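Biologist: I am new to this structure and would like to learn how to read it. Please take me through it one feature at a time.

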Amino acid sequence: MLFHSPKNPIELKILHLNEAQKQRREDLMEATQGKDALKQFKKTMAKKAKQALKAKSKSKKKGASTDTKSQVFVLDFDGDIKATAVKHLREEISTLISAANKGDEVVIRLESGGGLVHGYGLAAAQLVRLKDAGLKLTVCVDKVAASGGYMMACVADNVVAAPFAIIGSIGVVSQLPNFHKWLKNHDVDYEMFTAGDYKRTVTVFGENDEEDRAKYQEELEQTHELFKHFVNTYRPELDVAKVATGEHWYGEDALKLNLIDSLQTSDSYILARMDDSEVYALHSRQKPTLAEKLGLAQAAEATLTIAVDKLPDALARFDLNSRLNILK
């Protein structure tokens with residue numbers, strides 16, 4: 001793929017959801033109603049398809065415009081704190097931009113509680129590429145799109161969320177421990193050298209003063225302003241001052257605040273799109289190594305997991321035996 005080294009190749013899987021749904025429906029019909037009912041159903045569907053094709057051919061001869069089914073492409077983004085899923089998202093988006101037609105729709109099934117600003121800033125910028133290419137963008141949230149997750153979601157033309165999905169949290173947070181007093185109590189000196197007045201402000205090991213804290217708070221406020229401006233750019237109808245408090249809301253309340261556009265699960269939205277569109281799911285992944293294909297990597301991971309699980313008991317027995325030996 002475009003943005004990965006040949007040493008770490010990425011492969012793209014494409015599933016035609018209409019065909020997959022059709023196959024499941026036929027399997028269920030056969031299991032519940034028998035082969036004869038399935039055979040009759042296929043005959044009926046074939047007849048309808050033939051009639052539709054004939055009507056389309058007639059319209060074409062008369063010079064009338066014949067509308068073809070639009071295309072919908074489904075992508076998944078499951079975000080961690082570093083937004084590492086963006087490495088696959090960018091590949092999938094680059095493929096779509098080069099192959100999809102203007103006016104086609106891209107549906108992102110998004111789940112994320114947010115994370116690092118620069119990681120989610122890049123992820124949101126990838127979604128902007130879709131809109132710049134003339135594609136319609138819909139984001140579906142079944143569980144959570146908060147903070148950086150909402151930064152991504154707000155880019156969409158249409159934001160759909162389940163009734164109890166967590167939405168919003170337009171704010172910035174940073175927290176860190178400080179070990180200065182502990183080091184001082186143990187006569188440990190900590191030295192830090194910088195060039196530039198604000199190369200470092202608050203630190204984990206040094207003594208933080210009010211100037212350090214004030215500068216750090218100023219940087220957080222600047223980041224928050226950028227976040228609010230970004231949201232306001234893509235959802236101008238939103239009262240940003242009202243919702244950019246760091247609070248989050250469930251789907252129904254988020255709808256009232258214009259954070260989202262409708263209440264619906266991603267499943268029901270995609271099923272509805274199948275009625276008039278050809279729907280394809282795209283999924284990219286790093287190609288498995290030979291060891292992974294043979295199951296050796298999984299076996300090694302399972303062995304390590306068992307070893308880690310048993311380690312506390314082993315240490316406890318070792319500690320007990322050591323004490324017993326001393327008592328002897």
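Biologist: Which residue forms a salt bridge with aspartate 76, and how far apart are the closest N and O atoms?

Modeller: Keep in mind that this is a predicted model. Side chains of opposite charge can pair when their charged atoms come close. Here the partner of aspartate 76 is arginine 109, and the closest N and O atoms are 2.8 Å apart. Because aspartate 76 belongs to strand 2 and arginine 109 to strand 3, the pair ties together parts that are 33 residues apart in sequence.

Biologist: Is aspartate 76 buried, partly exposed or exposed?

Modeller: Aspartate 76 has a relative accessibility of 39% and counts as partly exposed. Arginine 109, at 26%, is partly exposed too.

Biologist: How many salt bridges are found in the whole structure?

Modeller: The search finds 11. One of them joins the side chains of glutamate 210 and arginine 213, at 3.0 Å from N to O. These two residues are three apart in helix 7, so about one helical turn separates them. Glutamate 210 is exposed at 58% relative accessibility, while arginine 213 is partly exposed at 42%.

Biologist: What does arginine 273 form a salt bridge with?

Modeller: Its partner is aspartate 276, with 2.8 Å between the closest N and O atoms. Arginine 273 counts as buried because its relative accessibility is 17%, and the cut-off for buried is under 20%. Aspartate 276 is partly exposed, at 44%. Through shared partners, salt bridges link Glu105, Arg273 and Asp276 in one network.

Biologist: Let us turn to helices. How many residues does helix 4 have, and how far does it reach?

Modeller: A helix can be checked by comparing its span with the one expected at 1.5 Å a residue. Helix 4 covers residues 117-132, which is 16 residues, and its first and last C-alpha atoms are 22 Å apart, close to the expected 22 Å. After the helix comes glycine 134, with a positive phi near 85°.

Biologist: Which residues of helix 4 are buried?

Modeller: The buried ones are Gly119, Tyr120, Ala123, Ala124, Gln126, Leu127, Val128 and Leu130.

Biologist: What do the buried residues of helix 4 pack against?

Modeller: They pack against several elements, among them strand 2 (70-78), strand 3 (105-111) and helix 7 (210-234). Helix 3 (86-99), strand 4 (136-141) and helix 5 (148-153) are also packed against these residues.

Biologist: What is isoleucine 167 in contact with, leaving aside neighbours within four places in sequence?

Modeller: Isoleucine 167 is then in contact with Val141, Ala145, Tyr150, Ala161, His248, Trp249, Ala254, Leu259 and Ile260.

Biologist: Which residues form a nonpolar patch on the surface?

Modeller: Phe179, Trp182, Tyr190, Met192 and Phe205 form it, and together they have about 500 Å² of accessible area. Tyrosine 190 sits in the loop between helix 6 (180-185) and helix 7. With a relative accessible area of 37%, tyrosine 190 is partly exposed.

Technical notes:
Residues numbered from 1 in each chain as written. Predicted model: local features only at pLDDT ≥ 70, side-chain atom pairs only at ≥ 80, totals over all residues. Heavy atoms only, no water. Helix = DSSP H or I, 4+ residues; strand = E, 2+ residues; numbered from the N terminus. Expected span 1.5 Å × (residues − 1). Buried < 20%, exposed > 50% of the residue type's maximum accessible area, 1.4 Å probe, protein only. Contact = heavy atoms within 4.5 Å. Patch = residues over 30% accessible without salt bridge, like charges linked within 9 Å, V, L, I, M, F, W, Y side chains within 5 Å. Areas by Shrake-Rupley, 256 points an atom, 1.4 Å probe, with all protein chains shown as cover. Salt bridge = Lys/Arg side-chain N within 4 Å of Asp/Glu carboxyl O.
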